[in-house]
Amino acid sequence: MTRYAVQETGKSAKASGNYLRVHFKNTREVAATIKGYNLQKAKAYLADVVDHKQAVPFRRFAGGIGRTAQGKAFGVSRARWPVKSVQFVSQLLKNAEANAEQKGLDLNKLVIQHIQVNQAPKQRRRTYRAHGRINAYMSSPCHIELVVVEEEKQVEKAPAQEVALKASKKRLVEQRRKL
């Protein structure tokens, strides 16, 4: 078993993938977008990304990223549709859902509490350049881990009670003048 960055609670399920040959930067942006989503909402969103109906906002690794109107929904202009990253994350969500079902959790209440993408060691290849030179041609694989938690029922906040203001010397003087 691998170690996760967070400790597992009673009503949670985990999934992870190591040394996945998918771009780290794209996958990181996909993960940052779906963190906190309901599991069903996340799966629908990722399906929309594959169909180019919604885009993934690029916030950190956004150098050279083109602009699209679909980024407005997230308050950014730079967004893309990283299909391969979305497919890898979707497979992990499906695996986490199966793990949750095995544990007897309610699938409709699952929320992505933790999702983390780390860089894996680069895989080396070479490309041939002009004048007999050779340059590195490396891939940037990644490790992905996620934890889904069964969301607890939200408890409504009690109505606020009026708090009597503490009487300062100035207020006491004003009250005496009124009497």
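What follows is a short exchange on the fold, core and surface of a predicted model.

Residues are numbered from 1 along each chain as its sequence is written. In this predicted model, local features need pLDDT of at least 70, side-chain atom pairs count only at pLDDT 80 or more, and totals for chains, interfaces and linings use all residues, while side-chain values use heavy atoms, with hydrogens and water left out.

Me: Which pattern does the protein follow along the sequence?
Reply: Helices (H or I, at least four residues) and strands (E, at least two) are DSSP runs, numbered from the N terminus. The protein has four helices and seven strands. Read along the sequence, they give β-α-α-β-β-α-β-β-β-β-α.

Me: What is the radius of gyration of the protein, against what the globule rule gives?
Reply: The radius is taken over C-alpha atoms, and the rule is 2.2 Å times the number of residues to the power 0.38. The C-alpha trace spans about 100 × 45 × 35 Å along its principal axes. The protein is more spread out than a compact globule, because the rule gives 16 Å for 179 residues and the radius of gyration is well over that, at 25 Å.

Me: Which residues touch the most other members of the largest nonpolar core?
Reply: Such a core is a set of buried Ala, Val, Leu, Ile, Met, Phe, Trp, Tyr and Cys residues joined through side-chain atoms within 4.5 Å. Buried means under 20% relative accessible area, exposed over 50%, partly exposed in between (1.4 Å probe, protein chains only). Of the 33 residues in this core, the two are Ile34 and Leu93.

Me: Which element supplies the largest share of this core?
Reply: Elements that each supply at least two residues include strand E1 (12-20), helix H1 (24-34) and helix H3 (83-103). The largest share is six residues, and it comes from H3.

Me: Which residues does Ile34 touch?
Reply: Contact means heavy atoms within 4.5 Å. Residues up to four places away in sequence are not counted. The partners of Ile34 are Ala42, Tyr45, Leu46, Val89, Leu93, Ile112 and Ile115.

Me: Is Arg80 buried or partly exposed?
Reply: Arg80 lies in strand E3 (residues 79-80). Arg80 touches Ala55, Val56, Phe58, Gly64 and Ile65, not counting residues up to four places away in sequence. With a relative accessible area of 38%, Arg80 is partly exposed.

Me: How far apart are the mean positions of the positive and negative charges?
Reply: Lys and Arg count as positive, Asp and Glu as negative; His and the chain ends are not counted. Places are NZ of Lys, CZ of Arg, CG of Asp or CD of Glu. For the 35 positive and 14 negative charges, the mean positions are apart by 14 Å.
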